[in-house]
Structure formats: C-alpha cells, structure tokens
Amino acid sequence: MGKSICRRHKAENLWELYNPSQLRLWPKDNSITYFSDSAAGRSMPPKYVNSAEHGIRAPHPLPVDIFRRHRISLLGSAEHSKGYYHSRLNENFFDFICVKCGSLWVKSDDVKRKLSEGEALIVPPNTLCDSFIERGKTSVLWVHFDANSFWAELLGGEISIKKLENYEALLSAFKLYEMEVFSARRSSVILEEIADIAAAYLKREFSEKEKALTKESLEGVLRELCGNHKKFTTPQIAKKFGMSARTLDEYCKKTRSESFSRLVAQERLKAAFRLLRTGKISNSGAAARAGYANAYSFSKAFRRAYGFPPGAAKK
C-alpha cells in the first residue's frame, strides 16, 4: 500500500493519497463530517480529524456503531472545491455519493458526466471510477455500503447515476442524524431511530421499480438508445424497470422475438440506413452513430442485415 503524503507549505492540497486502490487530492479548503467515530475505512490522516483549523469532524465514540446493523460501514457529508480529485477501485464496499449543491464530475471508461443536486453516483466494488470538481464548491452526502449480497442485488454491478426520488427525505434524515450525533445530549435510541429511517429510504430508493415495462416504454428506450451511440449493458437497462437482465430479455423475445441487445442493434442499423440514404453521412459516421467501433464491423453487420454494403444505401 502507498502512503498518505501531507504537504505543509506552498502546495494547494492539505494532503494527497497514493496507493494501489486510490488516488486522492484534498485541497486545503475542503471539509468533511463523519457520522461515525470508526477509523476503519477512513483514509483521512488521523491528525487532521477534529482539528479546528481543517474542518474535518468525527463524533466522539458511541457504545455501538449505529449504522453497522444496516451493513453500512461509513457515511457522512463533505464540501469539495476545485482541485478535489478522487480515483478509486474499492474492494470492500459500494460507494454512494449524492450531490446536495454544486456540480460533481464523474469519469469512467472515458465517459464524462456532470452530476447536479439530487443526483447520486453508485460505484460497485472493484470498479474504477474518477470523481472531481472543476469549478466552485460542491456539497455531497456519501455512504459506503458493505459488498454483500443484499446491497449487491439492490445496487447492481455497474457504475450508475440516479436521480433520487427520495432525495429530500434522505437529506432531512442525514441532517437530523448529524445534529443528534454531535449534540452534547445525544441519545443512542434517537440515533438508532433516525438511522433506521435513513436506511429505509435508501433501500426504498433502489428497490422500487422506476417504471412499468410495457411495449410503449420498451419502444421509448429503444428510440432513446438509437438517438445516441453510447455504450450500454442489458443489466443497466433492466435495472430501470426493476427487473433482471434475463427477465428483460425474456420479455423482448416474447414481444419482439429478439433479445434486448439484438433489438437495439437492429434499431440502430435501421437508423443508420435512413441516415445513409440522405447521402449526408459517411460510412464511418454511420458506424459511430450505430455504436460500432469501426466501419469494418459496421459494414459486416449492415451487409448481414440488408444483403448489400452501406455504400449501396446511398444510391
């Protein structure tokens, strides 16, 4: 494992962390609040925790770790500024980050996206993902879920971004817990009740179906995927309907006689065919719009589907 490198002069960062599983740059004006006193899983140098000048807080020890019974190892809130950067490959937990205000940029597999208020990033174990701030300040809530079968079934095995349906409720529960855990008169009973509420909203967020799967909604997803050339996986799409990839494929085969991925490939080829007929796009351009890595692969698939090469579609 690598070491935490603390910069004491001239550097813009309070500390930096380099090890095989993560790279982290922490600007001096960033702050973080831990909702647990547990040092397990914390990468923050201990000497900065509860140091008044650095804005890094953790509560005094409790008799029990309140959130552990929900298989949550660590959670809290943070405020980041331009220069904050975190590249991680977590081995033992799901990383959940929800934006409270500002913008959080996320990059994975060369795809970059901006998260705004109420949107959450979910990063499964052993999945590389970068998050960073490009300008201004951004406040977030964050949770580390244990890598067990329960959370794996709810959160899935792919990096995902979700607009939270229960965002306001979660925000309120987190704020109540923070106020109570740092109160001079804090009560473990009250903390347990708030933790139960927060955990219940988190479970509801990922267990409820986002939409019913109908022929109309399936057509809508196909149109959306045909309108862009972004990569996708069947499990990602199935999760939107609250079902497994196998169930989605079975539905598609029953209603359209093809698996979901084959349907998308067919619809993208149809869209490419229509574009080629206009004469305003090249073979390589049509290949990219159809989601193919190169014109050769596209040409093979096109000829297999239509019996002639893409160039003939322009005639």
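Buried here means under 20% relative accessible area, exposed means over 50%, and partly exposed lies in between (1.4 Å probe, protein chains only). Helices (H or I, at least four residues) and strands (E, at least two) are DSSP runs, numbered from the N terminus. The model is predicted: local features need pLDDT of at least 70, side-chain atom pairs count only at pLDDT 80 or more, and totals for chains, interfaces and linings use all residues. Residues are numbered from 1 along each chain as its sequence is written, and side-chain values use heavy atoms, with hydrogens and water left out.

**Stop 1: strand β9**

Select residues 104–108, which form β9; 4 of its 5 residues are buried. Two strands pair if DSSP finds at least two bridges between them. W105 has K114 as its bridge partner in β10. The hairpin of β9 and β10 has 2 residues between the strands, and D109 takes a positive phi near 55° there. β9 also pairs with β12, again in the antiparallel sense, over 3 bridges.

**Stop 2: S131**

Now select S131, which sits in β12 (residues 129–132) and stands opposite V106. S131 counts as buried because its relative accessibility is 1%. Its side chain makes a polar contact of 3.1 Å with that of R88; such a contact is a pair of N or O atoms within 3.5 Å, where within protein one must be able to donate a hydrogen and the other to accept it, and residues adjacent in sequence count only if both atoms are side-chain atoms. Contact in general means heavy atoms within 4.5 Å. Residues that S131 touches include Y84, H86, I97 and L104.

**Stop 3: the open sheet**

Next, show the open sheet of 7 strands, in the order β5-β4-β6-β13-β8-β11-β14, with mixed pairing. Its edge strands are β5 (56–57) and β14 (160–163), each pairing on one side only. Inside the sheet, β8 (residues 93–101) runs antiparallel to β11 (residues 119–123) over 4 bridges.

**Stop 4: helix α9**

Finally, select residues 295–306, helix α9. Which residues of α9 are buried? They are F298, A301 and F302, and they pack against α7 (260–278) and α8 (283–289). The face turned away from this buried side carries the exposed residues Y296 and R304. At the N-terminal end, N294 caps α9, with a side-chain oxygen 3.2 Å from the backbone nitrogen of Y296. Just after the helix, G307 takes a positive phi of about 85°.

Notes. The expected span of a helix is 1.5 Å times one less than its number of residues. Lists of a residue's contacts leave out its neighbours within four places in sequence.
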